[in-house]
Amino acid sequence: MNKQGVSILMVIFEILVVIIVAAMTAKIATTYGQTESVQAINIAEDIFLMINALAATPGDAIVEYPSNISAYTIVMTPEKVAISGFTGLAVERTFHLPDGYRADGVIEKKARLCLEKKGRNILLEGCI
Amino acid sequence: MTPKLFFWNKKAQSIFDTARKTIYWMIASFVIAMVVIGYVLILSSYKERLTHTPAEIKADIISLRFTNNQDCFAYKDSITDRVYPGTIDLSKWTQLQLDACYKTEKELGYRDFNFRLELASARKEGLTTNNYFNADQFTLRRKVLIKESSGKTILDELIIYVQESVPGKPRE
């Protein structure tokens, strides 16, 4: 076997391994570095807590979410709230309201989000 | 003699190089795999730290309804229709009322928060939500007023045993 040929092959192999490992770590870092998913999770957790706080409030109430959520689409149903951003992946949180309570609303590309409780209805809407 | 030895050394040298590199790459590939896995774990735990909400806060907010919502146990004056947050109507302290107030999904509800409620004075028996399996992770305590059917108001303590989640539904 040609010794020089074998050593060139080994060098090429080693360079390939370095490139593959560098590309893998860069891809992993990019995936985790997408801040949108972290923010979406935090918004979902906050809305989950806000809904439960409203369910515990006697009478009517309105609360505004204190951040700009124009980058997200938020859909609320009687059992869960789903937040999706530009990647299209949705973060969901499930909640359990007392019997007779309803929760719904959709908000898309609006800067300010308000949750309003009227009687036994909780509405998700843009703030006026 | 000398040319024969020289030929033998070259072949042995080549075999030695190949074996050395094989062993090196076996060890190196294992180390690289461990480094990449460690990297992924560090990033995912960092992301988890950024998005973590303490379970005590979640349970505290979910359980607020028990003492503040008239559709749970909160006392509501029948004449003025005023709800008294923090005051429990003892006549509402029933399993039926708790089921109407907070009920998790029948099949997968064991993954959600479930509660056992007791009054410190033990005036009435404890109540549990539908997927509670005595696997408490922590306890919340709240000072409350109790409105008895006689109209008397007494200071008491509501003890809320919180089951955050269980890995699977126990067999019945």
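How many residue pairs are in polar contact between chain A and chain B? The count is eleven, with both residues of a pair at pLDDT 80 or more. Keep in mind that this is a predicted model.

By type, the side of chain A that touches chain B has 19 nonpolar residues, five polar and five charged.

Now the contact as a whole. Chain A puts in 29 residues and chain B puts in 34. About 2,800 Å² is buried between the two chains, and carbon and sulfur atoms give 66% of that area. The rule finds two salt bridges across the interface. In a salt bridge, the side chain of Arg120(A) meets that of Asp71(B), at 2.6 Å from N to O.

Next, the sheet in chain B. Six strands form an open sheet with mixed pairing, in the order S1-S2-S5-S6-S3-S4. Its edges are strand S1 (74-76) and strand S4 (127-128), each pairing on one side only.

Look at S5 (residues 138-147) and S6 (residues 153-163) of chain B: they run antiparallel and are joined by ten bridges. Within this part of chain B, Arg142(B) stands opposite Leu158(B), which lies in S6(B). Helix H2 of chain B, residues 55-62, packs on the sheet and touches S3 (114-119), S5 and S6. The direction of that helix makes about 20° with that of S5(B).

Key. Residues are numbered from 1 along each chain as its sequence is written. Chains are lettered from A and ligands numbered from 1 in the order in which they are written. This is a predicted model: local features need pLDDT of at least 70, side-chain atom pairs count only at pLDDT 80 or more; totals for chains, interfaces and linings use all residues. Side-chain values use heavy atoms; hydrogens and water are left out. Contact means heavy atoms within 4.5 Å. Buried area is the accessible area (1.4 Å probe) that two parts lose on being put together, summed over both. A salt bridge is a side-chain nitrogen of Lys or Arg within 4 Å of a carboxyl oxygen of Asp or Glu. A polar contact is a pair of N or O atoms within 3.5 Å; within protein, one must be able to donate a hydrogen and the other to accept it, and residues adjacent in sequence count only if both atoms are side-chain atoms. Ala, Val, Leu, Ile, Met, Phe, Trp, Tyr, Cys and Pro count as nonpolar, Asp, Glu, Lys and Arg as charged, and the others, Gly among them, as polar. Two strands pair if DSSP finds at least two bridges between them. Helices (H or I, at least four residues) and strands (E, at least two) are DSSP runs, numbered from the N terminus. Axes are lines fitted to C-alpha atoms, for helices over the stretch in contact, and angles run from 0 to 180 degrees between N-to-C directions.
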